[in-house]
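Hi,

Here is the structure I promised to pass on. Have a look at it first, and then read my notes below.

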Amino acid sequence: MNLLEKTFNKLKQENKKAFSVFLMSGYPDYTTSLELMHLCSRCAVDFIELGMPFSDPSADGATIKMAGDIALNRGAKIKKTLELTKEFRKTNKTTPIVWMGYFNPIYNFGVDKFLQELNNCLVDGLLVVDLPFEEQNRLKRIEEYNINLIQLISPVTDKTRTLEIIKKAQGFIYFVSTKGITGEKEALEEEIGNKIEFIKSNTNIPVIAGFGINNAKKAAEINKFADGTITGSALVKIINEFKDDKKEMFKQVENFLLSFNK
């Protein structure tokens, strides 16, 4: 059992919902990125979804793509993101990390080597956005490293495919709350409630909703159905707005994160 699984077990025992955030590795720069990870942990974020920048992302909206482009230009590729994770783990071995990325860089790096490095960094989950369910045997050795391969289900995934995905689910199921890319639309609970309830009726794996969850009120609405939420673009926008004043950035980020725990 890894940190991610332990966290969800604890939340279930306490009858609490999970709160997670997405951070782009290396944005706005390496040092600040590391400091933001620690700030998130201090603000009781249940796990961190750490994005590895990619030049041609298929799921990222304008805000996250902008952050990824800047990070890439500053050298935040796989090796640098691994370094960031290792540095974080030197002083934090309690906050779960879910690595989010795309398959092309993983393939070029070497799949087995990549999984070994994730294990060395004590990464708890891996989400590969563009790897189809049918192709996930490319990562079949992941279970040897006690890393959860996170499955994605969207509003347009039919029931038959949903049930097949559920069978392979580990850690949690990432429910994509909106059609399209990140940061473009708000999640609408009336459109996704039945879908999430169908998933939950067929598995005990937690269902965590992401995309379109930009504030605490929206998270509370989605949590009527889901086991927790992930917010990304809204946080990256705050980081971008105040990136030239680090002290103010941390203040604004802290206020934003703490608003979800009220």
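Predicted model: local features only at pLDDT ≥ 70, side-chain atom pairs only at ≥ 80, totals over all residues.

Strand S1 covers residues 18–24, and four bridges join it to S9, with the two strands running parallel. Zoom out and you'll find an open sheet of nine strands, paired in parallel, in the order S5-S4-S3-S2-S1-S9-S8-S7-S6. At its edges sit strand S5 (148–149) and strand S6 (151–153), and each of these pairs on one side only. If pairing is new to you, strands of a sheet pair through backbone hydrogen bonds, either parallel or antiparallel.

Now follow the sheet from S9 to its neighbours. S9 and S8 pair in the parallel sense over two bridges, and here Ala209 is the residue opposite Thr229 in S9. S8, helix H9 (residues 216–222) and S9 together form a right-handed β-α-β unit. Next comes strand S7 (residues 173–176), which runs parallel to strand S8 (residues 207–210) and is joined to it by four bridges.

Where do the side chains go? In a regular strand they alternate between the two faces of the sheet. Look at strand S9 (residues 228–231): Gly228 and Ile230 point one way, Thr229 and Thr231 point the other way, and all are buried. S8 has both faces covered too, with Val207 and Ala209 buried on one side and Ile208 and Gly210 buried on the other.

What about the nonpolar core? In soluble globular proteins, nonpolar side chains tend to be buried together. In this model the largest nonpolar core has 88 residues, and those with the most contacts inside it are Phe114, Leu126, Leu139, Phe172, Val253 and Leu257. S1 gives the largest share of this core, six residues.

Last stop: is Asn2 buried or exposed? Asn2 lies in the segment before helix H1 (3–13). With a relative accessible area of 4%, Asn2 counts as buried, because the cut-off for buried is under 20%. Its side chain reaches the backbone oxygen of Asn146 at 3.0 Å and makes a polar contact with the side chain of Asn148 at 3.4 Å. Not counting residues up to four places away in sequence, Asn2 touches Asp124, Asn146, Ile147 and Asn148.

Cheers

Terms used
Residues numbered from 1 in each chain as written. Heavy atoms only, no water. Buried < 20%, exposed > 50% of the residue type's maximum accessible area, 1.4 Å probe, protein only. Polar contact = N/O pair within 3.5 Å; in protein donor to acceptor, adjacent residues only side chain to side chain. Contact = heavy atoms within 4.5 Å. Pairing = 2+ DSSP bridges. Right-handed = clockwise from strand over helix to strand, strands pointing away. Core = buried A, V, L, I, M, F, W, Y, C linked by side-chain atoms within 4.5 Å.
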